[in-house]
Amino acid sequence: MLKRSLSAAPLPPAKRLHTERHHVHLPVQKLSFDNSLYDELILCIFSHLSWMDLCLSQTTNRNWGRLAGDNEIWRNLYLKEYGRTRLRGAKGFIGRVDGREVRPLPGRAKTDEFKDWKWMFRISSNWRKGRCLVETYDQPLHTISINTSPHPHSGKFDRATHIILAGSWTIRASSLPSNRPTMVLVGPRSEEQHILMHEPSRPGVSSITALALDQSPPTSGQLSFVCCLSNGEFSVFQFNHTAPSRPSKRATYQPSRRTPRTSTIIQAAYYHPLLVTLSQSFSLCVYDLSANPIRHTQTLSSFTSYPPASLVLSAPSSSDSYKLVLAYSVPVYPGHWSVGATELMISKTSDRPTDTPPNPSLPSFSEDFRYSIPSAMSVTASRSIRAFDVPSGWVDENKLRAMREQWSRKILNVADAQTDGKWVVLAPGDVALSLQGVHSPSPSPSTSGYSSPPSDAASHDFVSSSLHSPTSLQLYRLVLPFQSNAISASPPKLNFVRTLHGQTSPVSALALADGRCVSLGLNGSVWVWDLEGGTGAEVASADECMTAMDLNQECTKDAVSFDERRIITVRAGKVVVRRFDI
């Protein structure tokens with residue numbers, strides 16, 4: 001018998017037997033490559049794949065698509081494939097003394113440091129393959145005019161379209177004579193347009209002859225550009241690329257008298273506060289835009305160089321020193337043409353009297369100072385080089401044998417000559433024009449007193465080598481070592497690299513920037529060359545719809561311009577945009 005009675009608490013339930021029918025079967029996850037490895041290990045494996053395999057991996061599943069789009073993997077692929085940390089196509093220099101790198105235009109500078117490397121890889125791949133999206137403006141530019149007046153010689157006037165690219169905006173201007181020349185600012189969307197009128201200081205009919213965008217870093221988001229008129233006048237405009245509905249005129253320069261040395265301006269380069277213009281008589285004018293009014297500080301003239309030409313202006317070292325590189329056409333006796341280049345160093349110099357003799361370091365240009373003022377912009381050093389080096393005096397058999405290779409590269413007509421400070425591209429003109437006695441580089445007698453090569457160059461005794469083709473471009477490498485007074489200083493060089501083949505017709509317009517060349521043919525074909533990589537691609541085939549009769553009726557000059565994401569061509573007044581960011 002128990003000494004104590006049991007409590008009234010209930011007893012625990014009896015244990016139940018564990019049988020198979022009471023087991024809960026949990027789903028067993030099968031091991032696979034996707035769930036057995038950490039994301040870091042998968043990223044490490046993906047980093048060894050090519051870009052094509054990486055794109056295929058993205059289509060496997062959602063997890064692989066997320067990991068295969070890693071920005072760091074595409075950054076390494078982009079640097080390995082293209083070797084740059086940015087998209088190519090900008091103008092100017094980045095800050096190296098030798099000018100090998102380029103500085104992006106102010107409109108393309110982004111405040112956000114993040115870069116989508118996969119998107120950049122896609123854009124660069126589209127450039128290499130020539131894959132693009134074509135957009136055509138509905139209204140040709142030359143039909144947009146306000147208060148226009150007929151020009152007494154409009155029948156003999158060749159219309160041209162000037163284009164500059166400022167970030168996502170495009171500035172276009174027609175060379176039609178008018179009382180109020182008009183410019184059009186086109187935004188990222190073609191329907192977003194703003195009309196800007198350039199009213200001359202003096203009443204009369206004038207036309208726009210050149211546009212130049214400021215290559216200096218922007219201040220408070222403001223972009224500046226220069227518009228030059230046929231009467232020698234130019235104005236500086238400023239607008240905000242985020243809301244460019246109200247462009248403002250910042251300054252205007254009006255020459256005291258019109259001379260062939262100061263007008264008509266055909267080329268301009270702007271790096272605030274320095275502006276350099278090139279007239280049709282091949283005279284360089286240096287302007288200081290640091291204050292208002294604008295000061296014309298120096299004029300340089302050349303008697304051995306001819307248009308077509310191109311200018312590249314930069315500030316390689318400091319804000320007080322600037323570097324200007326010119327590429328131009330040079331005559332080759334008795335009736336051929338080649339290409340040459342000149343480097344000019346421009347800086348602010350101290351007071352200099354007007355009777356100071358010319359600088360002996362300027363072998364190709366004679367100088368003329370407009371003002372004698374302290375800290376005036378002027379050329380301090382210059383050096384020139386030609387691609388076709390003809391020995392002076394009589395030539396014997398040995399020298400003739402050495403120059404035979406150069407002699408085969410002479411051309412009868414020059415369509416265009418472009419440079420980006422590192423490369424020089426020479427485009428031969430239409431041979432049919434040369435056989436008719438037409439030489440595009442030679443200036444007209446009314447604008448210049450310079451003599452051109454004889455017009456009998458079409459004779460069979462002076463025809464170029466049979467290896468020469470009017471559709472092939474000549475590529476040269478411009479080497480400009482650091483200028484030094486040492487005896488062992490290296491001279492500048494302009495070396496022939498190779499011939500660019502691909503065009504099926506002579507070139508009508510050429511553009512060169514950042515080691516990339518874009519050419520527009522007379523038949524409407526567009527080609528892109530990567531000068532550093534040695535590749536080329538056809539962007540657009542020949543335009544069979546545009547007949548030769550239509551081109552003759554238009555009497556327009558073709559134009560082409562490009563940046564990192566697009567190519568804009570103007571042919572027979574028709575503006576076409578080809579975008580590569582697709």
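Q: Among contacts in the protein between residues at least 6 apart in sequence, what percentage join residues at least 24 apart?
A: This is a predicted model, in which local features need pLDDT of at least 70, side-chain atom pairs count only at pLDDT 80 or more, and totals for chains, interfaces and linings use all residues. Residues are numbered from 1 along each chain as its sequence is written, and side-chain values use heavy atoms, with hydrogens and water left out. A contact means heavy atoms within 4.5 Å. For pairs at least 6 apart in sequence, the share that joins residues at least 24 apart is 58%.

Q: Which residue of strand 21 is the bridge partner of valine 425?
A: Strand 20 (residues 423–428) and strand 21 (residues 473–479) run antiparallel and are joined by 4 bridges. In strand 21, the partner of valine 425 is leucine 475.

Q: How many of the residues of strand 14 are buried?
A: Buried means under 20% relative accessible area, with a 1.4 Å probe and protein chains only. Strand 14 is joined by 6 bridges to the antiparallel strand 15 (residues 321–332), where leucine 326 stands opposite leucine 311. Strand 14 (residues 306–314) is mostly covered, and its buried residues number 9 of 9.

Technical notes. Two strands pair if DSSP finds at least two bridges between them. Helices (H or I, at least four residues) and strands (E, at least two) are DSSP runs, numbered from the N terminus. Buried means under 20% relative accessible area, exposed over 50%, partly exposed in between (1.4 Å probe, protein chains only).
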